[in-house]
Amino acid sequence: MTPEHKGADLQPAASGWSRRQGRGSNDGGGLLLIQRLAVGGIRVLLIGSATISLADDNAAVAAVATTTPAAPLAPASIESTWAARPASNPSLAEEADPIDNHFTRGQALLDQGEYAKAVLEFEQVLRYDNLPPDQREQAEIYARAAQDYQQGRRLSVFGYTETGAGFYRENHTRTTNALGGDPARDGFWNARIGGGLGYIATDAVSVDASLDYQYRYYDDTDRRDDSDLRWNARLTQSLDAGSQSIGVRGRASYRGGDGYRQDYGLFVNRAFILDPDNEILLEGEIRAREYPRGGERNRSRDIAQAWLGWTRALMDGRASATLTLTGGREWATHGRAGGDQTIYGAQIDWGIDINERLSAFLFGLWEHNGTHEDIPYENTFGDPGRLRPDLDIYELGGGLTYAFAPDWSIRPEVLYIRDEGDAEFSDYSSTEIWINVRKSF
């Protein structure tokens, strides 16, 4: 799983939606669009599952669980399971249990310290959002679900709480200069709580859901605090060498006196495990972003977006890298200046477990937003004209995670954001640093 960031809308099921940039809808148009496409998406998934599963039996490399799933596997045993193909042995095909197979391989890889490889296996059954960035802790959270399943318990849960403090610095840009040259400098305190659950319905179908609430209090009394609630739920079919899912997700973000901005969407994805080190994830989503009534209402919009991601486990499973490409279209629903937009971009995530206690992570993001209509504009000489504005978003961040006690960790982190646009007041830049203590349970 790719760790969640505070950046733009590049993350598929794993990541989060930006608290600055996003996509939305009006009260009726977005919901109707989602309802229509939901029916089509469910039909495609149900009809396609049989075809895809048959293709996996004939083409994908697969593994068969050992007769004692809870026992750790030797490295040679793991490689040999990938060489086995259920389609080549009808008796194995009849006995195939994709969920147990993925759980068994994931547990064996975790026991060997190959955390990134273990996560790839576990996520063919459950794909939790809002997990910590280090691969080891991600794998251990999934392993608890695997152990519950092997002991006959189909329902598993996890939770976390964290708190800390940091500093927000708005950097100088054309916008701050135009507004008087006094960018914001604010300390803040933050808190976060959330969790999720997974339920194994059959030997090939699972359901998972998660909830995450974040709050940030600024020491500047003239600035509104941040409050953000995110939720999701998905139905997953595990395949011999991958998985496919359909789900819903959303977000409610406080926007000050006018109330909350609402996001809600429907997504489908298909994961392909090419070998123990490589996964391809293809995902599509339709969603709505609905701003509260007031000055921001005209920013509401509907979005269709797709992601193509490649994750590779590195250094014998102690590190991983993910490259994600995205593209999509926004439809303005309340007369937004510039009208509709085309979006595309890329993101790279990298993480490494340095030892059993210390890990590091980095990410970089770029997203382009191009409008489809001209807007009134004055140049530096005050001459009126027309402009079709574009906006480029850049983010760079990283941090360390140190596990100082069982289920306890401390994480210092830094985030740099730069927005470059050609319209008035479209430039923005900030640097944030913070340190949080996290308790998992």
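## Close-up views of a predicted model

**View 1. Helices H4 and H5 pack side by side.** H4 and H5 pack with their axes 8 Å apart, at an angle of about 170 degrees. Axes are lines fitted to C-alpha atoms, for helices over the stretch in contact, and angles run from 0 to 180 degrees between N-to-C directions. H4 is therefore roughly antiparallel to H5 (angles under 35 degrees count as roughly parallel, over 145 as roughly antiparallel, 65 to 115 as roughly perpendicular and the rest as oblique). Helices (H or I, at least four residues) and strands (E, at least two) are DSSP runs, numbered from the N terminus. The crossing of H4 and H5 is left-handed, a term used if the near helix is turned anticlockwise from the far one by less than a right angle; clockwise makes a crossing right-handed. H4 brings His102, Phe103, Arg105, Gly106, Gln107, Leu109 and Leu110 to the contact, and H5 brings Tyr115, Lys117, Ala118, Glu121 and Phe122. Contact means heavy atoms within 4.5 Å. By class, the contact of H4 with H5 has 6 nonpolar, 3 polar and 3 charged residues. Ala, Val, Leu, Ile, Met, Phe, Trp, Tyr, Cys and Pro count as nonpolar, Asp, Glu, Lys and Arg as charged, and the others, Gly among them, as polar.

The model is predicted: local features need pLDDT of at least 70, side-chain atom pairs count only at pLDDT 80 or more, and totals for chains, interfaces and linings use all residues. Residues are numbered from 1 along each chain as its sequence is written, and side-chain values use heavy atoms, with hydrogens and water left out.

View 2. Among the buried residues of H5 are Lys117 and Glu121.

**View 3. Helices H4 and H6 cross.** Helix H4 (residues 98-111) packs against H6 at an angle of about 130 degrees, with their axes 10 Å apart. H4 and H6 are therefore oblique to each other. H4 passes H6 in a left-handed crossing. From H4, the contact includes Ile99, Asp100 and Phe103; from H6, it includes Ala139, Glu140 and Ala143. By class, this contact of H4 with H6 has 8 nonpolar, 4 polar and 2 charged residues.

**View 4. Asp148 sits in helix H6.** H6 covers residues 135-150, and Asp148 is found there. Asp148 counts as buried, at 16% relative accessibility. Not counting residues up to four places away in sequence, Asp148 touches Arg153, Leu155 and Ser156.

**View 5. Which residues does Thr173 touch?** Thr173 lies in the loop between strand E1 (155-170) and helix H7 (174-178). Thr173 is buried, with a relative accessible area of 5%. Leaving out residues up to four places away in sequence, Thr173 touches Arg418, Asp427, Tyr428 and Ser429.

**View 6. Arg270 lies in strand E6.** E6 covers residues 260-275, and Arg270 is found there. Arg270 is buried, with a relative accessible area of 9%. Arg270 and Ile246 are 24 residues apart in sequence. In space, Arg270 and Ile246 are 9.2 Å apart, C-alpha to C-alpha.

Notes:
Buried means under 20% relative accessible area, exposed over 50%, partly exposed in between (1.4 Å probe, protein chains only).
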